[in-house]
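Biologist: I am new to this structure and would like a close look at a single part of it, the sheet and what surrounds it. Please take me through that part step by step.

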Protein chains: 2
Amino acid sequence: MSEKPGAVIWFTGLAGSGKSTIAGVVEMMLRERGLPVENLDADEVRQNLSPNLGFSLEARDENTKRLAWMGKMLSKHGVNVVIAAVATLRKFRDRAREMCPHFVEVYVKCPLELCQERDPKGLYARRARGEINDVDGIDIPYEEPLNPEVVIDTSTTDIEACALQVIAKLEELKYI
Amino acid sequence: MSEKPGAVIWFTGLAGSGKSTIAGVVEMMLRERGLPVENLDADEVRQNLSPNLGFSLEARDENTKRLAWMGKMLSKHGVNVVIAAVATLRKFRDRAREMCPHFVEVYVKCPLELCQERDPKGLYARRARGEINDVDGIDIPYEEPLNPEVVIDTSTTDIEACALQVIAKLEELKYI
């Protein structure tokens with residue numbers, strides 16, 4: 001068993017804010033330091049644990065609980081875990097915080113208009129076509145974090161600088 | 001990242017065969033050697049990942065897939081994983097084998113009559129009272145492993161000797 005738990009770094013923010021991108025860069029930076037790291041992709045976890053889960057608030061509740069539990073299990077053995085998942089309600093993230101001793105909440109801030117412009121998964125376009133009606137920040141209120149460990153603004157700061165902000169916080173907290 | 005993956009040791013067998021007991025002792029033996037180990041309790045995984053899953057064959061399929069995926073994620077980082085779960089169909093266990101590089105299938109053999117006598121969870125008693133009708137080995141055919149790495153017989157061999165058989169196999173395979 002490792003002497004200390006890994007950090008669980010949860011990137012929260014709207015679709016298109018840049019969560020997955022920054023999470024991927026942080027993952028790479030940790031790996032380059034020779035640290036054990038796992039990227040728990042929210043979509044992959046869905047696919048493997050429950051492909052038919054859906055996107056109701058209840059289903060989201062369940063999926064964030066799973067992500068938190070997976071994070072807990074891995075971090076227990078010294079693995080650092082990055083998770084990019086909206087986790088739209090504060091209580092979803094607070095539960096994860098309670099479950100994981102070295103929890104780091106990263107609020108990936110970005111104006112909705114810019115998220116819609118980027119629209120990497122075509123989510124906002126699908127909504128505009130009336131195909132879906134459960135988009136965070138529009139149909140489902142997104143609860144901004146109150147006291148996140150890190151706030152990064154991807155509308156004003158480049159990717160590398162955002163990732164380095166997270167790394168700096170991990171160092172400051174002595175999690176890495 | 002650890003240099004080699006952890007072993008995923010899957011204990012399969014009927015309810016009451018002694019899977020969880022032997023798994024717990026193997027876990028303890030690995031821990032005593034200073035090796036990282038996680039015991040993925042099938043009931044705890046259910047509770048955390050999907051309390052409403054149920055016990056249909058489809059639900060069992062899903063739960064064993066989850067256990068295998070959790071095993072894969074942890075073993076990837078050098079954690080040895082013990083799993084006690086019936087996994088009643090061969091294809092459930094074969095899928096786990098495909099997912100986990102250092103997979104060890106342990107068939108915990110025990111005559112149904114003795115399992116019924118032990119009945120640690122009161123499962124057979126509940127069936128006798130007509131409360132459930134989905135017990136492995138009675139209502140659902142249990143598919144015996146064809147080529148398990150280890151076969152232990154808990155009707156003739158004591159607990160410690162059974163666990164040591166598993167440890168010996170792990171050493172033989174150079175997984176520990």
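Modeller: In chain B of this predicted model, strand β1 (residues 8-12) and strand β4 (residues 103-109) run parallel and are joined by five bridges. Within that pairing, F11(B) has V106(B) of β4(B) opposite it. The two strands belong to an open sheet of five strands, in the order β2-β3-β1-β4-β5 (chain B), with parallel pairing. In general, the strands of a sheet pair through backbone hydrogen bonds, either parallel or antiparallel. At the edges of the sheet in chain B are β2 (37-41) and β5 (150-153); each has a single partner strand, so one side of each is left without a neighbour in the sheet. From one strand to the next, the twist averages 20°.

Helices pack on this sheet. One of them, α3(B), touches β1, β2 and β3 (80-84) of chain B, and its direction makes about 165° with that of β3(B). Another, helix α7 (residues 159-172) of chain B, lies across β1, β4 and β5 of chain B and runs at about 170° to β5(B).

Strand β1 (residues 8-12) of chain A is mostly covered, with five of its five residues buried. The cover is on both faces: V8(A), W10(A) and T12(A) are buried on one side, and I9(A) and F11(A) are buried on the other. β1(A) pairs in the parallel sense with strand β3 (residues 80-84) of chain A over four bridges, and in the parallel sense with strand β4 (residues 103-109) of chain A over five bridges. F11(A) takes part in both pairings: A84(A) in β3(A) stands opposite F11(A), and V106(A) is the bridge partner of F11(A) in β4(A).

V106(A) also has contacts beyond the bridge. Apart from neighbours within four places in sequence, V106(A) is in contact with I9(A), W10(A), F11(A), P148(A), E149(A), V150(A), I152(A) and V166(A). The largest nonpolar core has 100 residues, and those touching the most other members are I9(A), W10(A), I83(A), V106(A), I9(B), I83(B) and V106(B). As a general background, nonpolar side chains tend to be buried together in soluble globular proteins.

The contact between the chains takes 14 residues from chain B and 14 residues from chain A. On the side of chain B that touches chain A, α2 (42-49) and α3 (57-76) of chain B each supply at least two residues, and α3(B) gives the largest share, six residues. By class, that side of chain B has eight nonpolar, three polar and three charged residues. Because 100% of the interface residues of chain B are also interface residues in chain A, the copies meet through the same surface.

The two chains can also be compared as whole copies.

Notes
Residues are numbered from 1 along each chain as its sequence is written. Chains are lettered from A and ligands numbered from 1 in the order in which they are written. This is a predicted model: local features need pLDDT of at least 70, side-chain atom pairs count only at pLDDT 80 or more; totals for chains, interfaces and linings use all residues. Two residues are in contact if their C-beta atoms, placed from the backbone, lie within 7 Å. A residue is buried if 20 or more other C-beta atoms lie within 10 Å of its own, exposed if 12 or fewer, and partly exposed in between; C-beta atoms are placed from the backbone. Two strands pair if DSSP finds at least two bridges between them. A nonpolar core is a set of buried Ala, Val, Leu, Ile, Met, Phe, Trp, Tyr and Cys residues joined through C-beta atoms within 7 Å. Ala, Val, Leu, Ile, Met, Phe, Trp, Tyr, Cys and Pro count as nonpolar, Asp, Glu, Lys and Arg as charged, and the others, Gly among them, as polar. Axes are lines fitted to C-alpha atoms, for helices over the stretch in contact, and angles run from 0 to 180 degrees between N-to-C directions.
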